[in-house]
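Please consult the sequence and the structure while reading.

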Amino acid sequence: MLGFITRPPHQLLSLLCPGLRIPRLSVHCAQPRPRAMAVSSSSWELPLVAVCQVTSTPDKQQNFKTCAELVREAARLGACLAFLPEAFDFIARDPAETLRLSEPLGGKLLGDYTQLARECGLWLSLGGFHERGQDWEQTQKIYNCHVLLNSKGSVVATYRKTHLCDVEIPGQGPMCESNSTIPGPSLEAPVSTPAGKVGLAICYDMRFPELSLALVKAGAEILTYPSAFGSVTGPAHWEVLLRARAIETQCYVVAAAQCGRHHEKRASYGHSMVVDPWGTVVARCSEGPGVCLARIDLSYLQQLRQYLPVFQHRRPDLYDSLGHPRS
């Protein structure tokens with residue numbers, strides 16, 4: 001099933017940025033077994049990324065089977081990097097079940113994904129692993145850990161979610177992530193991958209532009225927000241926030257999402273997507289589990305940053321304290 005592309009009129013961009021080359025990016029939106037791939041011949045040399053959308057349940061074995069099928073499909077279609085959503089390992093019914101199902105990074109599940117990355121020969125962004133850290137015995141709490149594996153299956157980066165989602169949205173039900181989870185202590189430096197320098201974040205982090213600005217200042221070209229957005233905040237904020245982060249940082253934004261009903265207590269919005277540095281949604285998943293694909297054009301990114309040099313115009317002397325709570 002093919003997706004769609006929307007891009008500002010070439011005439012408008014030409015007026016804003018004379019000489020700017022508008023790339024023909026491929027857009028693909030598919031169920032787990034797509035038959036064909038829509039791509040222009042001029043973009044074959046650009047790296048291809050895959051965004052996987054799943055409906056995790058408390059069944060870890062079945063969740064891995066579903067994710068592995070999508071990752072293998074991404075590899076078959078030529079992706080160099082596949083992104084999985086937050087809680088790709090499982091979504092439990094309550095905090096007690098979350099803690100019981102959690103594992104350390106050296107456990108069986110990460111071993112399975114390590115083998116999968118080697119088998120498929122591509123990088124994996126594992127968007128939110130329920131990690132029993134080294135302080136598990138003392139705290140009896142876990143970390144929401146974004147793990148990046150290279151094509152040899154080695155862990156090249158880990159980011160532990162720094163902003164925990166403790167909110168109560170009318171119509172969506174309460175969420176108190178801190179009941180079972182400890183906030184991470186720091187950001188992770190962007191990592192060089194075959195698609196570009198990737199900055200790691202998780203879901204609720206997208207509401208804090210200071211984090212994305214810190215990552216792009218450190219060299220990020222691709223920001224990734226693996227997520228499990230709810231049914232109320234999803235339609236209202238999901239795409240708006242992702243496009244805003246892309247525009248203000250002039251980065252690609254990759255957002256793999258949970259979708260559908262996980263169990264009787266929880267459902268997620270879905271709508272996984274890739275946004276380019278202009279703020280255009282260049283790929284998105286349809287309803288249900290599946291994968292969408294997009295080409296990453298870093299020369300296009302650099303051109304936009306050259307013609308709109310917003311980071312040269314920033315005034316940190318005026319607003320560098322924005323990260324502090326309101327008085």
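A residue is called buried under 20% relative accessible area, exposed over 50%, and partly exposed in between, with a 1.4 Å probe and protein chains only. The model is predicted, so local features need pLDDT of at least 70 and side-chain atom pairs count only at pLDDT 80 or more, while totals for chains, interfaces and linings use all residues. Residues are numbered from 1 along each chain as its sequence is written, and side-chain values use heavy atoms, with hydrogens and water left out.

**Salt bridges**

A salt bridge is a side-chain nitrogen of Lys or Arg within 4 Å of a carboxyl oxygen of Asp or Glu. The whole structure holds 14 salt bridges. Three of them are listed below.

| Pair | Distance between closest N and O atoms |
|---|---|
| Arginine 72 and glutamate 119 | 2.7 Å |
| Lysine 161 and glutamate 86 | 3.2 Å |
| Arginine 160 and glutamate 131 | 2.8 Å |

Helices (H or I, at least four residues) and strands (E, at least two) are DSSP runs, numbered from the N terminus. Arginine 160 belongs to strand E6 and glutamate 131 to strand E4 (residues 123-131), so this pair ties together parts 29 residues apart in sequence. Arginine 160 counts as partly exposed because its relative accessibility is 21%, whereas glutamate 131, at 5%, counts as buried. Shared partners also join Arg93, Glu97, Arg100 and Glu264 into one network of salt bridges.

Lysine 161 and glutamate 86 form a salt bridge. Lysine 161 lies in the loop between strands E6 (155-160) and E7 (166-169), and glutamate 86 in the loop between strand E3 (81-84) and helix H3 (95-101), so the pair ties together parts that are 75 residues apart in sequence. Both lysine 161 and glutamate 86 are buried.

**Helices H2 and H4**

Helix H2 (residues 60-76) packs against helix H4 (residues 108-120) at an angle of about 20 degrees, with the axes 10 Å apart. H2 is therefore roughly parallel to H4, a term for angles under 35 degrees. Axes are lines fitted to C-alpha atoms, for helices over the stretch in contact, and angles run from 0 to 180 degrees between N-to-C directions.

With contact meaning heavy atoms within 4.5 Å, the residues of H2 that meet H4 include Phe64, Val71 and Arg72, and those on the H4 side include Leu109, Leu116 and Glu119.

Arginine 72 and glutamate 119 also form a salt bridge. This pair links helix H2 with helix H4 across 47 residues. Arginine 72 is partly exposed, at 38% relative accessible area, and glutamate 119 is partly exposed at 48%.

How values were computed
Parallel < 35°, antiparallel > 145°, perpendicular 65-115°, else oblique.
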